[in-house]
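Subject: A structure for you to look at

Hello,

Here is the structure I promised to pass on. Have a look at it first, and then read my notes below.

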Amino acid sequence: VMAPPEEILGIKPDGKYNVPAGVREKLGKNLLLNSKHPLGILWKTVQEYFAEQDSNCKFFDTEKPVVSTVDCFDKLRVPPDHVSRSPSDTYYVNADYVLRTHTSAHQCQFLSQYPEITSFLCAGDVYRRDEIDASHYPAFHQCEGVRLFDAQKVSKEEVMEDLKKTLEGLAAHLFQLKTGEDTMRWLDELLSHGVYVYFPFTEPSLELEIFYNEDWMEVLGCGVIHHDVLRNAGLDPEKVHGWAFGLGLERLAMVLFGIPDIRLFWSDDARFAQQFSEGSFSEKTKFKPFSKYPPVLKDISMWIPEDFVDNDLFEMIRDEGGGPGRSSKMFRVTWRDMSRTLTNEEVNAKHEKVLEHLTWNVVTSVAD
Ligand code: PHE
């Protein structure tokens, strides 16, 4: 970690600062606000689904990613000694402020800030110290959803039912699936991969998985909001209750748009950005891979023996291409006379002469 800056989004670092430069430069990229970026397109699509479901739903996506440990952990009942708070898992700006580890950090804030709100979505960039590979990156995006109900009129069972129906509907909308198919499943009170589905801020907690690439993939965590969390938001659990969910946007976007590597979302390469536009969800745009480096094209044309096998040539080229200390070059020679059409026979004769020279002067000298 390099020396801390004067401040990060208005918060002054202290000895607990542990944000590396590579993570810090992600702050303010605002990928979700870019309507042509796959994550921005997905966020728009999620908003459209909820707006249609519930015309009262409010949307937030400009909250600063630096939040207090009170909002990120305490108000959500994350115990003081929980691993998710440790500096090996979380980026600290100082002892009291972190890069948010989840969008749940805004649950209590919005509920107390806007007492008239009954449902909202909040999306943003979130940060967790993590190893980097094709599906993990320390900066990613989540969408939080909350819906409240009148506790006198709607039972907890009905809240659960609404939660499941809403999120199955979302998954069905995104992936054009029929709900209840073999393509989604709920993990609830029972074991998921040997561990309980549990979030300290929901009771009960659930996870939704979708079947993709021959495997079940977790797409969101959710549950009925814990009474203490409602109280921390200034609400009376006797009067209101509700559900909340948190959705990882990268994984969904990777599936939707066929993006094979999570690091591509942060790419400045125009060959990534130009593949997507506002219409990419409805047009079912699929990403076409490119190599980071431009290719050099060379042609080979030759007469082949009857027993020629294409793959023998391909293997020879791959071997040559990678071998240390040896490189090969191929040239295309264009034979043309300005005043007449050449015949194959006379060009072959001349070409042979050229190859003879090459054989003697280049190939044999290398062999020597
Ligand atoms: N915040 C949880 C996570 O990051 C997801 C979640 C949100 C779970 C809301 C329940 C309710 O994994």
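Let's begin with the ligand. The shell of residues around it divides into four nonpolar, six polar and no charged; here Ala, Val, Leu, Ile, Met, Phe, Trp, Tyr, Cys and Pro count as nonpolar, Asp, Glu, Lys and Arg as charged, and the others, Gly among them, as polar. Those residues are H102, S104, F199, T202, G221, C222, G223, A244, F245 and G246, where being near means a C-beta atom, placed from the backbone, within 6 Å of the molecule. The elements giving two or more residues to this shell are β11 and β12. (Helices, H or I with at least four residues, and strands, E with at least two, are DSSP runs numbered from the N terminus.)

Two notes on the source. This is a predicted model, in which local features need pLDDT of at least 70 and side-chain atom pairs count only at pLDDT 80 or more, while totals for chains, interfaces and linings use all residues. Residues are numbered from 1 along each chain as its sequence is written.

Next, helix α7, residues 249–257. The buried ones are L249, E250, L252, A253, M254, L256 and F257. They pack against α2, β6, α5, β11 and β12. Just after α7, G258 takes a positive phi of about 65°.

How do α2 and α7 meet? Their axes, lines fitted to C-alpha atoms over the stretch in contact, are 10 Å apart and at an angle of about 100°. The two helices are therefore roughly perpendicular, a label for angles of 65 to 115 degrees (under 35 is roughly parallel, over 145 roughly antiparallel, the rest oblique). P38, L39, L42 and W43 in α2 meet L249, L252, A253, L256 and F257 in α7, with contact meaning C-beta atoms within 7 Å. By class, that contact has nine nonpolar, no polar and no charged residues.

Finally, V67 lies in strand β2, residues 66–68. Why does V67 count as buried? Because V67 has 25 C-beta neighbours inside 10 Å. Leaving aside neighbours within four places in sequence, V67 is in contact with C72, Y97, V98, R100 and A105. By the same rule, the contacts of V98 include V67, T69 and Y91.

Enjoy exploring!

Conventions
Two residues are in contact if their C-beta atoms, placed from the backbone, lie within 7 Å. A residue is buried if 20 or more other C-beta atoms lie within 10 Å of its own, exposed if 12 or fewer, and partly exposed in between; C-beta atoms are placed from the backbone. Axes are lines fitted to C-alpha atoms, for helices over the stretch in contact, and angles run from 0 to 180 degrees between N-to-C directions.
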